[in-house]
Amino acid sequence: ITLQLAAPLGLLAAGQTICMLTGGIDLSLAMIATGAAFIVGVKSPSGVVPALAWAALYCIVVGSINGLAVGLLGMNPLIMTLGMNAVLIGVFTVGVTTFLKGSSSMPEILVTASTGIVFFDPISWPLIIWVVIGGLFLFMLTRTGLGRLIYAIGDNAKAARLAGVKVWQVQWATYVICALLGGIGGILLGGQSGAVAISLANSFLLPSVAAVVIGGTSIMGGMGNYTGTVMGTLILTVLSYLLATINSSEAVKQMIYGGIVLALAWVYSSISERSK
């Protein structure tokens with residue numbers, strides 16, 4: 001059950017990992033995840049495949065806007081994605097009573113894919129989905145030219161630009177990949193809950209950041225890997241399970257996650273200052 005619950009967080013944290021490696025962050029990721037699940041739920045009566053295609057298109061559009069704003073317009077990633085998050089909250093709040101009006105329940109096949117056991121516990125469909133997508137993501141970061149450029153930009157974007165790298169294109173690709181990973185994570189969350197609400201992924205935003213920093217990825221960019229993020233995800237999932245067993249509220253969990261992020265941010269900042 002722990003691994004099954006860790007899968008959505010692991011995918012959202014993968015999106016944050018790739019953004020942080022470039023020195024950015026995506027604070028709209030929770031609403032991207034919620035929006036993807038919402039679209040799948042509403043569009044599923046016309047077929048699961050078209051519904052997933054609509055959700056993927058939504059993720060690509062939002063990720064592209066974030067990436068182009070950061071890469072081409074030079075907007076601060078934190079401010080841009082925070083603003084995008086507010087826009088998406090407004091769009092879906094209005095949408096549930098207008099253009100997205102309809103059933104918010106997830107199709108049975110996606111509920112099975114989000115909760116079903118394959119052969120025996122703990123081998124479940126969400127775990128397999130996480131392993132496959134996480135493996136491809138790790139391969140992209142460590143074995144492809146895009147992965148090397150992501151690290152190069154995070155380490156020194158100006159030097160990368162002078163070396164002929166089209167930095168804006170890499171940043172665009174980064175935020176699109178982040179949005180797609182968030183969308184998949186959101187669909188798994190929707191499948192696990194059986195229905196979709198505006199607050200579906202809200203409580204996962206801070207843990208998705210905390211998992212990355214616990215895993216050793218620097219918020220300054222250029223240092224870290226997804227293997228560490230996976231460990232951070234598992235640590236937070238076990239911590240969340242333990243807190244649930246003692247009936248801790250969601251507010252207490254968020255306080256702990258926030259404290260972890262602040263403490264590790266201070267550590268990374270101290271290390272960065274000493275290395276200058």
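The dialogue below goes through the features of a predicted model.

Colleague: What should I know about the numbering and the confidence limits before reading values?

Modeller: Residues are numbered from 1 along each chain as its sequence is written, and side-chain values use heavy atoms, with hydrogens and water left out. This is a predicted model, in which local features need pLDDT of at least 70, side-chain atom pairs count only at pLDDT 80 or more, and totals for chains, interfaces and linings use all residues.

Colleague: How many helices and strands does the protein have?

Modeller: Helices (H or I, at least four residues) and strands (E, at least two) are DSSP runs, numbered from the N terminus. By that rule the protein has 11 helices and zero strands. The pattern along the sequence is therefore α-α-α-α-α-α-α-α-α-α-α.

Colleague: What radius of gyration does the protein have, and what would a compact globule have?

Modeller: The radius of gyration is taken over C-alpha atoms, and the globule rule is 2.2 Å times the number of residues to the power 0.38. For 276 residues a compact globule would come out near 19 Å; the protein has 18 Å, which agrees. The C-alpha trace spans about 55 × 40 × 35 Å along its principal axes.

Colleague: What share of the residues is buried?

Modeller: Buried means under 20% relative accessible area, exposed over 50%, and partly exposed in between (1.4 Å probe, protein chains only). Of the 276 residues in the protein, 47% are buried.

Colleague: Which other residue has a positive phi although it is not a glycine?

Modeller: N247 does, with phi about 60°. N247 sits in the loop between α10 (226-245) and α11 (250-275). Its relative accessible area is 70%, so N247 is exposed.

Colleague: Which residues form the nonpolar patch on the surface?

Modeller: Patches are made of residues with over 30% relative accessible area and no salt bridge; like charges are joined within 9 Å, and nonpolar side chains (Val, Leu, Ile, Met, Phe, Trp, Tyr) within 5 Å. A salt bridge is a side-chain nitrogen of Lys or Arg within 4 Å of a carboxyl oxygen of Asp or Glu. Accessible areas come from the Shrake-Rupley method with a 1.4 Å probe, and for residues only the protein chains shown count as cover. Here the patch consists of L68, L72, L73, M75, W168 and W172, with about 570 Å² of accessible area together. One of them, L73, is in the loop between α3 (48-71) and α4 (77-95). L73 counts as exposed because its relative accessibility is 65%.

Colleague: How many disulfides does a search of the whole structure find?

Modeller: A disulfide is a pair of cysteine sulfur atoms within 2.5 Å. The search of the whole structure finds zero. C19 is in no disulfide, and the nearest cysteine sulfur, that of C178, is 3.6 Å away. C19 has a relative accessible area of 0% and is therefore buried. C59 is also in no disulfide; the nearest cysteine sulfur to C59 is that of C178, 9.7 Å away. At 2% relative accessibility, C59 counts as buried.

Colleague: How far apart in space are L110 and G191?

Modeller: Separation along the chain and separation in space are read side by side. L110 and G191 are 81 residues apart in sequence and 5.6 Å apart in space, C-alpha to C-alpha. L110 belongs to helix α5 (residues 108-115) and is buried, at 11% relative accessible area.

Colleague: Where does P45 lie, and is P45 buried or exposed?

Modeller: P45 lies in the loop between α2 (29-43) and α3. P45 is exposed, at 69% relative accessible area. The C-alpha atoms of P45 and M231 are separated by 38 Å, and the two are 186 residues apart along the chain.
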